[in-house]
Amino acid sequence: MTEIGLFLVLFVALFVGWAMGRKNSTKKNKQTKKSIPTDYFRGLNHLLNDQHSEAIDAFVDSLEVNSDTFDIHLTLGNLFRKKGEIQKAINIHQNLLARPEISQREMRMVQLELASDFMSAGLLDRAARLLLNMASASRKSEFHPKILTLLVDLYEFEQNWEKAIQIGAELIKETPIKKEIKRLAHFHCEVAQELKAKEQWKPAFQHYKWALDVDPSCVRASIGAADVLNSQRRYRDSIKELKHAVEQDPEFISLILPQLKECYQKVWGSNGYIKFLQEQNQKKPTTALIVALVQHYMETDKDYAEMFLVEQLRLHPTIKGFKELINLQLSDSEGYNQQHLVVLFELIDQLVQAKHKYQCRQCGFPGHQLHWQCPSCKSWGTVKPIHGLEGE
Ligand SMILES: [Zn+2]
């Protein structure tokens, strides 16, 4: 909807609101005659003169607060917040709160909007105070989950993970929504990551385990736990965690393979690792698996390695796989042929480097790095390695 379209809808909505207010008022007191307020015509005049901001201000002034117009006031406040005019949103919502005629339920609705206004304005202390008061005063109300959700949003924004975990746990106990369960697990992973950086292995591992208790599908927690075990030289346990991560989400296999290879080599040599690669490639081939297998076959039988790669490329064609094929051909070629292959290899390598490796499955945000929280839509665990011709 264009801006002018939006204002026209608003204009009609305000007129309807005024008319309804007038109708109810007439019912109550047939003797009282109500005319269209002058502010309304002032607003109309501003609208016709393309002074949109002044038009809305005038319309808001013209509309009295009653049960019929309450929703319009609330919608207007939200509209201002979404347009980034936070102070106007705050004024409208505070004006509503000052009205003695609004019900207890309506008051809670306005307070929730006001808390969102404070958060949008960066007034996080005020938002937190308001929400915490509401949370303790309306423990059993229908608004309690929404209050807790806003508090989690606030602590997440502040990166206050301990408080986010405390309120998040309370929230999923009340309403176990998948999105909230996922983000609570990631909050534990954030704490674990901080502890890992300080080499506090035991509490870091505990937080990864808590993350898995909250959300058993949290692949980040399994990869993180494996990393802690690796640092403690517990390679067998690390292998278990990494294999579990592959079961949780095979799309992350390219991330898991380097660490898995290292652990296998430290415990049993590479045989177990190769067997794992072959099994996984049978289930779901990816370039990371194919390239790892080709590198292994090259050590014993170069012809078989080449044959295997060509066959896999037919079944699962990718640019990365093609680059590996040129790499194999390079070692066998000489003279002009070799020079041509070098140019082709460099070209494909540049193409691979330029392509994004990761993408958010929620909003499509692409990137070269893995972010556990999408920088664009702020969803947790939605950024994953890209698959298909240009990816894995
Ligand atoms: Zn996203």
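Analyst: Ala, Val, Leu, Ile, Met, Phe, Trp, Tyr, Cys and Pro count as nonpolar, Asp, Glu, Lys and Arg as charged, and the others as polar. This terminology is applied below to a predicted model.

User: What is the volume of the second largest pocket, and which residues are the closest to its centre?

Analyst: The second largest pocket has a volume of about 550 Å³. Of its 19 lining residues, Glu-156, Arg-183, Gln-373, Lys-378 and Trp-380 are the closest to the centre. Two or more lining residues come from each of α8 (144-157) and α10 (178-197).

User: How do the residues of this lining divide into nonpolar, polar and charged?

Analyst: Seven residues of the lining are nonpolar, five are polar and seven are charged. Among those at the centre, Glu-156, Arg-183 and Lys-378 count as charged because Glu, Arg and Lys belong to that class, while Trp-380 counts as nonpolar.

User: Which elements give two or more residues to the lining of the largest pocket, and which gives the most?

Analyst: The largest pocket holds about 720 Å³ of space. It is lined by 31 residues, with Thr-287, Ala-288, Val-291, Ala-292 and Glu-392 the closest to its centre. The elements that give two or more residues are α14 (253-267), α15 (271-283), α16 (287-300) and α18 (319-332), and α16 gives the most, with seven. By class, the lining divides into 14 nonpolar, eight polar and nine charged residues.

User: How do you know that the residues UniProt lists for "binding site" gather at one spot?

Analyst: The unreviewed UniProt entry lists Cys-360, Cys-363, Cys-374 and Cys-377 under that name. Although these residues span 18 positions in sequence, no two of their C-alpha atoms are more than 8.6 Å apart, so they gather at one spot. Cys-377 is among the residues that line the second largest pocket.

User: Why is Cys-374 called buried, and why is Cys-363 called partly exposed?

Analyst: The relative accessibility of Cys-374 is 1%, which is under the 20% limit, so Cys-374 counts as buried. Cys-363 has a relative accessible area of 38%, between the limits of 20% and 50%, and is therefore partly exposed. Cys-363 is placed in the loop between β1 (358-360) and β2 (366-367), whereas Cys-374 lies in the loop between β2 and β3 (383-385). Leaving aside residues up to four places away in sequence, Cys-363 touches Cys-374, Ser-376 and Cys-377.

User: What makes the pair of Lys-209 and Glu-241 a salt bridge?

Analyst: The closest N and O atoms of Lys-209 and Glu-241 are 2.9 Å apart, within the 4 Å cut-off, so the pair qualifies as a salt bridge. Lys-209 lies in helix α11 (residues 201-214) and Glu-241 in helix α13 (residues 235-248), so the pair ties together parts that are 32 residues apart in sequence. Lys-209 is partly exposed at 27% relative accessibility, whereas Glu-241 is buried, with a relative accessible area of 10%.

User: Why do the side chains of Glu-170 and Arg-139 count as meeting in a salt bridge?

Analyst: Their N to O distance is 3.4 Å, which is within 4 Å, and therefore the pair meets the definition. Glu-170 belongs to helix α9 (residues 161-174) and Arg-139 to the loop between α7 (124-137) and α8, so parts that are 31 residues apart in sequence are tied together.

User: How many salt bridges does the structure hold?

Analyst: The structure holds 18 salt bridges. One of them joins Asp-237 to Arg-234, with the closest N and O atoms 3.2 Å apart.

Key:
Residues are numbered from 1 along each chain as its sequence is written. This is a predicted model: local features need pLDDT of at least 70, side-chain atom pairs count only at pLDDT 80 or more; totals for chains, interfaces and linings use all residues. Side-chain values use heavy atoms; hydrogens and water are left out. On a 1 Å grid over the protein atoms alone, a cavity is a set of points where a 1.4 Å probe fits but cannot get out, and a pocket is an open set with protein on both sides within 12 Å along at least five of seven lines; lining residues have an atom within 4 Å of a point. Grid points are joined across faces, edges and corners, and a volume is the space filled by probe spheres set on the points. Helices (H or I, at least four residues) and strands (E, at least two) are DSSP runs, numbered from the N terminus. UniProt positions are given in the numbering used here, feature names are shortened, and annotations may be inferred rather than shown by experiment. Buried means under 20% relative accessible area, exposed over 50%, partly exposed in between (1.4 Å probe, protein chains only). Contact means heavy atoms within 4.5 Å.
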